[in-house]
Amino acid sequence: MARLSPENLHRAEAIVALYPERRSGLIPICHLAQAQDGYLTEEAMEDIAKICGVSPAEVRGTASFYDMLHTEPVGKYVFAVCTNIACMLAGAYEVLDHAEHRLGIHPGQTTADGMFTLEEAECLAGCDKAVCVQVNHRFFGPIDQDGFDRLVDDLTAGRLDDTVPPHGVLSRVQRQVGLPGHQSSERAEGATA
Amino acid sequence: MLTDAPRIVTARLEHADSHSLERYLATGGYEGLRKALSMTREAVHDEVNAASLLGRGGAGFPAGRKWSMLRKAPTSYLVINGDESEPATFKDHLLIERDPHQIVEGTIIAAYALGVDKAFIFCRGEFALGLERLTQAVNDAYAHGALGASIFGSEFSLDLVVHPGAGAYICGEETALLESLEGKRGFPRIKPPYFPAVIGLYGEPTVVNNVETMSNLPWIVLNGGAVFAALGQGSSTGTRLFALSGHVKRPGWYELEMSKTTFRDLIYDPSLGGGVRSGHELKAFIPGGVSAPWFYPEHLDMGLDQDAVGKAGSMLGSGSIVVMDETTCIVRAAWRISRFFHRESCGQCTPCREGSGWIEKILRRIEDGLGREEDLELLLDACDNLAPGLTWPPKQTTICVFGPSIPSSIVSGIHQFRDEFLLHVKEGGCPLPPDEVRHV
Ligand SMILES: Cc1cc2nc3c(=O)[nH]c(=O)nc-3n(C[C@H](O)[C@H](O)[C@H](O)COP(=O)(O)O)c2cc1C
Ligand code: SF4
Ligand code: FES
């Protein structure tokens, strides 16, 4: 299974160099590992431990505290349906219910083909666009039942590949300055806001 | 009253490319920084004091005073809180995605005033686009000479790092945020010390300020603290970015002059909230995020004023207002809010960890028709364990104020709508209609 690639190891070293203490790189490098594999593999956590100067158990223990870090595989697309107060008032539980039927899974589960994971999310700071849904942390909303179906269809057909990279990829822009030996960086593609 | 106060933090947002360096420079960007660098550090600090700029993260502490508390030490840090996750709050999200350079410029100005050469912006991990925009802004600011060594040819240097969060509400609490930034679990630290300005990141003195607080600084430096302080009233100076959601016609963000604008203006003015959705009327509203006690129609004419709202037993908090019309089930609303607290409790303190779970379960059973009359006292008792005496502001028995915030909505609900709770018990279920999906 996947260790951090040589390029990502190099990148990880550049990340820890940004901080006064190596351990501060732990969470950013966990994100880097998830961008590579979609979740945190055992091997990646061993690499991260070495880079940050802690034990693999500490990496796992820290990662387990955070909702965005997964130590088990998740779908290529992770749906987060917000059901918090503003979204609930706009019918979020009806939309979540619909999502469960459409995907045939409950929150916290992944479809058998590994395409979709469904999560009931807390407020995503998109409350003016309730019901707010994120796919791999890209915002969609307002979403009703039909909107959810369209989203599933579009993702399945690959029509959203440009806006929604596979799970784990957060910022597609990387810090350029002050990173030893790292020149290339992709610029953010079209705004989705 | 709708005033003609200038838009300070959202001035640029009508432009689709408001996040780009080109647009930022074309609209006065980095001029505040240039001016600050021509002043002494003390003079910049004086302007912020004169502005009486209150922190926009929720606690409303004056920024200038916080800066004065920074302990003298060889190394100190500035950390910007962009973890915004208080339910119904979405103003920092907007500023991060749409005007990241303004945050960067404000941060550089603050770092200059504080004499700090290393700063971090902690950005909520779920803001993928926001992280892209902030990172791009930092890259561009370096290329432009606004960051790095000898900024704009001055003797001031600053390194600024964008740090991604990983999904945990509690990391918005400043000491939990610092733990997280150190690569650990986001456990709030035991107080005292009460302020990271004494012991903060890596044990060094650290100022933690909110994203919106920073966004005000370029304008304050350019226009003068006194001009800022002339807006608003009393201690609530300047404008503030309010997030309006729930059962209103026009949910969204509105930058308004503090104090002089009222809740009624915000909710009902046709150019703002536009009123409660058609055919419905106001039942209750939350004035400052779900940690705040609720308000009712009789509070509508109160100004958006930190002191006034505080005196009336609630808080302006994170500046987010949730409107609930007469179809809203109070039990269900209180249940959902307590569910949030239960899911997000960090688990260090027993009353918070266990209490939030009990409260969620009891409210659920009332909503499902399995409640008993005694459950109301049971709920209030659990709340009393979290905030003894159920006063406002709450008394604290826990490591952070997350725990004592849990009772707000439950106590509000029971006090104002006791009959609705009892009706659930009597009728064996919820007497109100289910939530209606907002179709688009
Ligand atoms: C449970 C909890 C959550 C908080 N969440 C946030 C947050 O998301 N963003 C924020 O700026 N402040 C948040 N705060 C307040 C911070 O602790 C801190 O007061 C603030 O970041 C200071 O910035 P300011 O003085 O500029 O407002 C939170 C506080 C608590 C107790
Ligand atoms: S009050 Fe709750 S969230 Fe705060 S430290 Fe204690 S358990 Fe954690
Ligand atoms: S309540 Fe759903 S995004 Fe805020």
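**Exercises on a predicted two-chain model**

Strand β1 (residues 77-82) of chain A is joined to β2(A) by six bridges, and the two strands run parallel. The model is a predicted one, in which local features need pLDDT of at least 70 and side-chain atom pairs count only at pLDDT 80 or more, whereas totals for chains, interfaces and linings use all residues. Residues are numbered from 1 along each chain as its sequence is written, while chains are lettered from A and ligands numbered from 1 in the order in which they are written.

**Exercise 1. Determine in which order the strands of the open sheet of chain A are arranged, and which strands stand at its edges.**

Step 1. Helices (H or I, at least four residues) and strands (E, at least two) are taken as DSSP runs, numbered from the N terminus, and two strands pair if DSSP finds at least two bridges between them.

Step 2. Four strands of chain A form the open sheet in the order β2-β1-β3-β4, with mixed pairing. The edges are held by β2 (116-121) and β4 (138-140) of chain A, each of which has a single partner strand, so one side of each is left without a neighbour in the sheet.

Step 3. Neighbouring strands of this sheet are turned against each other by 25 degrees on average, direction ignored.

Step 4. Helix α6 (residues 92-103) of chain A lies across β1 and β2 of chain A, and runs at about 155 degrees to β1(A); axes here are lines fitted to C-alpha atoms, for helices over the stretch in contact, and angles run from 0 to 180 degrees between N-to-C directions.

**Exercise 2. Work out how many residues of chain B are in contact with chain A, and which element of chain B gives the most.**

Step 1. Two residues are in contact if their C-beta atoms, placed from the backbone, lie within 7 Å; by this criterion 62 residues of chain B are in contact with 56 residues of chain A.

Step 2. Elements of chain B that give two or more residues to this side include α5 (91-98), α7 (128-144), β3 (159-164) and α14 (330-344). The most comes from α7(B), with ten residues.

Step 3. By residue class, the side of chain B that touches chain A divides into 27 nonpolar, 19 polar and 16 charged residues, where Ala, Val, Leu, Ile, Met, Phe, Trp, Tyr, Cys and Pro count as nonpolar, Asp, Glu, Lys and Arg as charged, and the others, Gly among them, as polar.
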